[in-house]
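I opened a new notebook page for this chain. The plan is to look up a few items and write down what turns up.

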Amino acid sequence: MNTQARLRIAVVAGESSGDLLGSQLILALKKRLPHAEFFGIAGPKMQAAGCASVVPMEKLAVRGYMEVIRHLPELLRIRRQLKQQLLADKPDLFIGIDAPDFNFGLEKSLKQAGIPTIHYVGPSVWAWRSERLKKIGQCVSHMLLLFPFEEKIYQDARIPASYVGHPLAEIFPEVPDQLAVREVLDIPPQKAVFALLPGSRQSEVSMLAALFVETAKKLLDRYPNALFLVPFVTRETRLLFEQEIWKQGAQALPFRLMFGHAHEAMQAADVILLASGTATLEAMMSRRPMVVTYRLSSLTYRIVKRKLRLPYVSLPNVLAERFIVPELLQDDATSDNLLQVISNLYDDKRLATALSRRFADLHLGLRCEAAERAADAVCSVLGARA
């Protein structure tokens, strides 16, 4: 491959996590391909790295079924117009970062037109809906994967794929300093600190807020010096949680509601209670004991449960291939059950230390210069085409 040749690479990210991945990848690619041009749908980090955005990324960053339905006509219009532009313009490569519902349809059309397509972040086919693999194979020329256990799944499906590591593993410190974080947050060392993360989506907070407030009330009865750190992504999710506090008459509880700063809240905590999702990986890298919980509507839960391929849902357990983190889901997700499990983790310091060591091993296993490895894989795809 001639690295001096003019290369045009289209990149589409759908939300802030993809914007971070994209920015790191673009910077790594620029070291190898200094004459490459990047354009597509980019957030502020990708734009700062040199990617021209033809559509604001915020247009794609919609969450929750009702919000997606409300924005569906606009999303379909954006994808249709972008597809027409890319088919006419024929970039040398297309990279879709996460956002599978938007990107896979786009990638399929581009691949059929002879444009190589790379998808960065494999959907959780290892957890459920493995039937998606056939569709994925029709859409992508190469997958970039965050977790080591994913590679064999794609190999078995005969989809070219590379494990590149997880970028969060590079961001989190190898040894988080809990006391230093508490000092920054002005939290006395002797406090019993519990981080509560009821989810980033409004639907998640609506389902879990009551449970989290009830659990906090019981924890305060058991630990009178408790402090509850509750970080939020949006004003809407914070408002939902505040409404539940008022509904339960829990205004006097020592809640500290925060905008952002989820990583600091987790690192400062003695125990973390959180909704299942990517945040469980962040909690693992914070090296703090955690309890994972989740609730869905009864019908949705029955459908999802039938499609699950693994006995656990949280990423630390998936990576460890066994239960190392308690999971209390659906009917098991009661305030009494959560109180008992959280108390066990808080009171047993030896268990907390053992968990921290296990989390450290898993964390370091994901730390392998993800952006550099991803850039190498991208260059290999471009080289194969040259």
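**Entry 1: the model.** I note first that this is a predicted model.

Entry 2: I looked up the strand order and found an open sheet of 7 strands, ordered 3-2-1-4-5-6-7, with parallel pairing. Which strands stand at the edges? They are strand 3 (51-56) and strand 7 (161-163). Each has a single partner strand, so one side of each is left without a neighbour in the sheet.

**Entry 3: strands 1 and 4.** Strand 1 (residues 7-13) pairs with strand 4 (residues 93-97) in the parallel sense, over 5 bridges. For V11, the bridge partner in strand 4 is I95.

**Entry 4: helix 1.** What does helix 1 lie across? I found that helix 1 (residues 16-32) lies across strand 1, strand 2 (36-42), strand 3, strand 4 and strand 5 (117-120). Helix 1 runs at about 145° to strand 4.

**Entry 5: strand 11.** Next I went to strand 11 (residues 271-275) and asked how many of its residues are buried. The count is 5 of the 5, so strand 11 is largely enclosed by the rest of the structure. V271, L273 and A275 point one way, while I272 and L274 point the other way, and all are buried.

**Entry 6: partners of strand 11.** I looked for what pairs with strand 11. Strand 8 (residues 192-197) runs parallel to strand 11 and is joined to it by 4 bridges; here F194 has V271 as its bridge partner. Strand 12 (residues 290-294) also pairs with strand 11 in the parallel sense, over 4 bridges. In that pair, L273 stands opposite V291 of strand 12. I then followed the chain from strand 11 through helix 12 (residues 279-285) to strand 12, and this β-α-β crossover is right-handed.

**Entry 7: cysteines.** How many disulfides does a search of the whole structure find? I got 0. C379 is in no disulfide, and the nearest cysteine sulfur, that of C51, is 16 Å away. A disulfide needs two sulfur atoms within 2.5 Å.

Buried or exposed, I asked of C379? C379 has a relative accessible area of 15%, so it counts as buried. C139 is at 1% relative accessibility and counts as buried too. The cut-off I used for buried is under 20%.

Technical notes: Residues are numbered from 1 along each chain as its sequence is written. This is a predicted model: local features need pLDDT of at least 70, side-chain atom pairs count only at pLDDT 80 or more; totals for chains, interfaces and linings use all residues. Side-chain values use heavy atoms; hydrogens and water are left out. Buried means under 20% relative accessible area, exposed over 50%, partly exposed in between (1.4 Å probe, protein chains only). Helices (H or I, at least four residues) and strands (E, at least two) are DSSP runs, numbered from the N terminus. Two strands pair if DSSP finds at least two bridges between them. A crossover is right-handed if, with the strands pointing away from the viewer, the path from the first strand over the helix to the second runs clockwise. Contact means heavy atoms within 4.5 Å. Axes are lines fitted to C-alpha atoms, for helices over the stretch in contact, and angles run from 0 to 180 degrees between N-to-C directions.
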